[in-house]
Amino acid sequence: MAAEALLEVRNLSVCFDTGDGPVYAVNGLDLEVRRGEVLGMVGESGSGKSQSWLAVMGLLAKNGRAEGSARLGGEEILNLPQRALRRLRGDRMAMIFQDPMTAMNPFLTVGRQMTEVLECHRGLSRREARARCVAALESVHIGDAARRLSMYPHEFSGGMRQRVMIATALLTEPQLLICDEPTTALDVTVQAQILALLDELRQRYRTAIVLITHDLGVIAQLADRVTVMYAGRQVEQAEVHTLYGAYRHPYTEGLLRSVPRLDQPRSERLATIPGRPPDLARRPAGCPFEPRCAYVTEICRQRMPPLVSLGDAHLRACHYDGALGRAEIGA
Amino acid sequence: MSEPALLEVRDLDVHFPVRRPGLLRSPLTLRAVDQVSFDVRPGEVLGVVGESGCGKSTLSRALLRLIPVTAGSVRLRGVELTTLEKAALRPLRRSMQMIFQDPLASLDPRMTVGEIIAEPLKALLPRMDRAERQQRVLRMMQQVGLLPAQINRYPHEFSGGQAQRIGIARALVVAPELVVCDEPVSALDVSIKSQVINLLLDLRAEHGLTYIFVAHDLATVRHIADRVMVLYMGRVMEITDRDALYARPLHPYTRLLLSAVPIPDPTLARQRRAAPAREELPSPLALPSGCAFRTRCPLADARCVAERPILREIDGRYVACHHAEAAGA
């Protein structure tokens with residue numbers, strides 16, 4: 001861990017009060033994000049991958065509570081008062097979402113929404129702000145930028161809207177950019193361009209990027225390190241080549257083997273992970289993946305495996321110590 | 001194409017009028033499906049791929065007459081569907097069913113699982129008695145991996161993957177020949193997606209089904225389809241056997257799509273360059289002259305501007321491109 005940590009998250013838990021009692025979306029998350037790196041966060045719906053970062057940003061729903069610690073440049077930011085958070089967001093960290101249309105105001109021009117950021121956070125005049133916004137749109141390769149500023153969000157294509165969101169997020173040169181499924185709603189051709197853009201921006205500005213996605217292909221293209229989440233817990237974390245080439249958790253194995261992929265010969269049947277996604281309202285004593293795991297032993301039902309280091313910055317939470325390779329084919 | 005086709009589609013057009021602001025301006029025409037022709041052979045899976053807005057969902061709905069057809073012909077076992085009266089169409093509905101993308105949105109929240117699966121039986125086989133209907137529903141539930149005990153549950157009690165199983169049971173309970181699957185696994189999680197794909201393949205083998213499998217994910221389509229049709233701006237760009245298409249795509253658009261699919265291997269993913277094509281799609285209301293793809297195509301020349309390429313046969317494959325020979329080389 002030579003590189004400097006920009007953000008340190010320690011023992012972060014997120015809990016929602018619901019009609020059926022408390023639901024734990026995230027349990028004891030521990031990780032760092034370093035300057036200039038892309039940290040991939042992969043998991044399925046309900047894995048807690050988004051809620052972790054909404055908690056860090058102070059954007060949880062009203063019935064949500066976050067516990068633990070998140071330090072940005074050494075300063076505690078978890079559960080700060082809204083005013084302080086608002087200053088932090090859009091200034092030192094920013095977040096973009098899957099559907100840019102819902103994150104934009106349909107009644108305001110793109111220019112109005114972008115200049116507002118600079119007027120609020122940087123105290124720039126309207127005219128100065130406008131010039132900066134034109135430059136920002138150009139930096140995400142939107143041509144004819146000055147004219148585009150007077151257009152409304154619906155006049156842009158999905159890919160262009162996501163570019164505008166990225167440009168807006170980068171106006172204040174944040175140290176940390178959190179991208180929640182930034183390309184999930186886009187066509188593959190546009191996705192490839194947005195990923196290339198994110199890569200270019202992190203190299204140019206040394207912005208740290210957290211890339212939240214369910215898509216292992218997207219992570220493979222951009223991430224330096226990867227954390228795999230299941231049922232609100234980190235199950236494995238490693239440098240990207242280690243994770244894809246030498247994974248040690250049965251869930252990671254299941255995910256990687258059940259994706260149809262073009263770089264390998266076609267198989268008659270897809271490998272699957274049997275069973276169903278976990279019910280978060282139930283908190284089992286043991287490993288949450290145990291009901292679906294091909295390597296389950298007695299201890300898995302009794303005790304939650306801790307996240308332990310396998311050396312070389314490779315962490316995993318699993319009791320099973322033998323060889324993998326038994327993921328179910330065609331269940 | 002010696003085998004008689006189960007479904008024959010010829011020169012199919014689906015146009016929508018789009019009103020423009022202003023009192024006297026005439027509406028524009030959106031050609032969502034434009035001169036589309038293809039066959040579906042009995043027992044095969046025809047994959048239909050393309051970006052959003054390419055007309056793949058409109059096409060699937062038009063085939064089932066869920067939306068009106070503007071012109072052209074759709075024949076199921078030789079019977080013309082486009083001109084049939086509603087009442088005459090009804091018996092044919094048994095032969096053609098559809099599975100939708102969003103499993104929860106396509107199930108009536110006020111009906112139990114049993115009622116949902118029984119509904120097409122009631123509508124299409126009204127003379128079937130209650131006991132037999134119940135038997136069929138239970139058998140179908142078992143085949144898609146639902147438990148008999150779940151028959152009185154409501155859709156919201158199910159996860160996305162389970163809800164899609166209900167949607168599949170509802171489509172298959174009337175024993176159709178042809179099932180149009182419109183992005184049936186796109187909304188599902190990775191670990192559930194592969195379960196549902198395997199289920200669709202099992203059911204096809206058991207019941208001798210024919211699928212039209214519409215999806216934007218080319219890796220999934222490679223897994224399930226025997227042949228693949230590539231659409232762009234409502235037009236067919238290429239129709240080819242699966243292995244040939246993925247090994248050597250002849251149309252520049254097919255190549256563009258394939259080159260953009262992310263590969264879950266960090267070493268390979270980083271070796272590839274991002275797709276160089278321009279992002280901006282033409283407006284579907286003002287398509288370019290000649291070839292619809294020419295504004296994004298690296299091979300485009302004067303001929304592509306002047307002349308719309310027709311779908312022509314090259315080595316047993318069908319491609320609509322003036323430069324197909326060069327592209328495939």
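These legends describe close-up views of a predicted model. Residues are numbered from 1 along each chain as its sequence is written, and chains are lettered from A in the order in which they are written. Local features need pLDDT of at least 70, side-chain atom pairs count only at pLDDT 80 or more, and totals for chains, interfaces and linings use all residues, while side-chain values use heavy atoms, without hydrogens and water.

**View 1. The second largest pocket, with a volume of about 720 Å³.** Gly90(A), Ala103(A), Val117(A), Met165(A) and Thr168(A) are the closest to its centre among the 24 lining residues. A pocket is an open set of points on a 1 Å grid over the protein atoms alone where a 1.4 Å probe fits, with protein on both sides within 12 Å along at least five of seven lines; lining residues have an atom within 4 Å of a point. The volume is the space filled by probe spheres set on the points. β6 (93-96), α4 (110-122) and α7 (158-170) of chain A each supply at least two lining residues, and α4(A) gives the largest share, 7 residues. Helices (H or I, at least four residues) and strands (E, at least two) are DSSP runs numbered from the N terminus. The lining has 16 nonpolar, 5 polar and 3 charged residues; Ala, Val, Leu, Ile, Met, Phe, Trp, Tyr, Cys and Pro count as nonpolar, Asp, Glu, Lys and Arg as charged, and the others as polar.

**View 2. The contact of α4(A) with α5(A).** The axes of α4(A) and α5 (126-139) of chain A come within 9 Å and cross at roughly 115° (axes are lines fitted to C-alpha atoms, for helices over the stretch in contact; angles run from 0 to 180 degrees between N-to-C directions). Residues of α4(A) in contact (heavy atoms within 4.5 Å) include Met114(A) and Leu118(A), and those of α5(A) include Ala129(A) and Cys133(A). The contact residues divide into 6 nonpolar, 1 polar and 5 charged.

**View 3. An open sheet of 8 strands in chain B.** The strand order is β6-β7-β8-β3-β9-β10-β12-β11, with mixed pairing (two strands pair if DSSP finds at least two bridges between them). β6 (96-99) and β11 (312-314) of chain B are the edge strands. Between the antiparallel strands β9 (227-232) and β10 (235-241) of chain B there are 6 bridges, and Tyr232(B) has Arg235(B) as its bridge partner. Helix α5 (160-172) of chain B packs on the sheet, touching β6 and β7 (178-182) of chain B.

**View 4. An open sheet of 4 strands in chain B, with antiparallel pairing.** The order is β2-β1-β4-β5. β2 (28-40) and β5 (79-80) of chain B each have a single partner strand, so one side of each is left without a neighbour in the sheet. Strand β4 (71-76) of chain B is joined to β5(B) by 2 bridges, and Arg75(B) is the bridge partner of Glu80(B).
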